[in-house]
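Biologist: I would like to learn how to read this kind of model. Please take me through it feature by feature.

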Amino acid sequence: MTDDASEAGKPDTQALDDLLDDIYRAQERVEQAEIYRHAVAAELPPDLLGRIDALPEGEYSVDEASDLLGGSIG
């Protein structure tokens with residue numbers, strides 16, 4: 001069995017983690033709309049865009065956003 005097969009059930013969080021690292025580089029809290037704009041510009045997969053779009057409006061810390069979106073930052 002390869003590593004790819006063992007990871008098949010887990011979502012790929014690298015794109016999300018990279019996005020959040022980039023957005024939160026110089027900020028402590030970011031609006032949901034800002035996260036979504038960055039995700040669209042980064043051409044993230046539709047399923048991830050849907051999860052970001054489904055976040056309630058408001059500001060999020062990187063830990064909050066990662067927890068809610070399924071990332072591994074935090």
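Biologist: At what angle do α3 and helix α4 pack?

Modeller: Start with the two axes and the angle between them. In this predicted model, α3 and helix α4 (residues 46-53) pack at about 170°. Their axes are 9 Å apart. Angles over 145 degrees count as roughly antiparallel, so α3 is roughly antiparallel to α4.

Biologist: Is the crossing of α3 and α4 left-handed or right-handed?

Modeller: Left-handed, as α3 passes α4.

Biologist: Which residues make that contact?

Modeller: Read each side in turn. α3 contributes Q32, I35, Y36, A39 and V40. From α4 come L49, I52 and D53. By class, the contact of α3 with α4 has 6 nonpolar residues, with 1 polar and 1 charged.

Biologist: Now the other pair. At what angle do the axes of α2 and α3 cross?

Modeller: Roughly 120°, for helix α2 (residues 14-23) and helix α3 (residues 32-41). The two axes come within 10 Å. The roughly perpendicular class runs from 65 to 115 degrees and the antiparallel one begins over 145, so α2 is oblique to α3. The crossing of α2 and α3 is right-handed.

Biologist: Which residues of α2 and α3 meet there?

Modeller: On the α2 side, L19, D22 and I23. They meet I35, H38 and A39 in α3. That contact of α2 with α3 divides into 4 nonpolar residues, 1 polar and 1 charged. Look back at α3 too: I35 and A39 also belong to its contact with α4.

Biologist: Next, charged pairs. How many salt bridges does the structure hold?

Modeller: There are 3 salt bridges. One of them joins the side chains of R29 and E59, at 3.8 Å from N to O. Next, ask where the partners sit in the chain. R29 lies in strand β1 (residues 29-31) and E59 in strand β2 (residues 59-61). The pair is 30 residues apart and links distant parts of the chain.

Biologist: Last, confidence. What pLDDT does the protein average?

Modeller: Its average is 86, and 82% of the residues score at least 70. Over residues 1-10 the pLDDT is below 50. Beyond near neighbours in sequence, that stretch has 1 contact in the model.

Biologist: How should coordinates be read where pLDDT is low?

Modeller: Not in detail.

Technical notes:
Residues are numbered from 1 along each chain as its sequence is written. This is a predicted model: local features need pLDDT of at least 70, side-chain atom pairs count only at pLDDT 80 or more; totals for chains, interfaces and linings use all residues. Side-chain values use heavy atoms; hydrogens and water are left out. Axes are lines fitted to C-alpha atoms, for helices over the stretch in contact, and angles run from 0 to 180 degrees between N-to-C directions. Helices (H or I, at least four residues) and strands (E, at least two) are DSSP runs, numbered from the N terminus. Angles under 35 degrees count as roughly parallel, over 145 as roughly antiparallel, 65 to 115 as roughly perpendicular and the rest as oblique. A crossing is left-handed if the near helix is turned anticlockwise from the far one by less than a right angle, and right-handed if clockwise. Contact means heavy atoms within 4.5 Å. Ala, Val, Leu, Ile, Met, Phe, Trp, Tyr, Cys and Pro count as nonpolar, Asp, Glu, Lys and Arg as charged, and the others, Gly among them, as polar. pLDDT is the predictor's confidence in each residue, from 0 to 100. A salt bridge is a side-chain nitrogen of Lys or Arg within 4 Å of a carboxyl oxygen of Asp or Glu.
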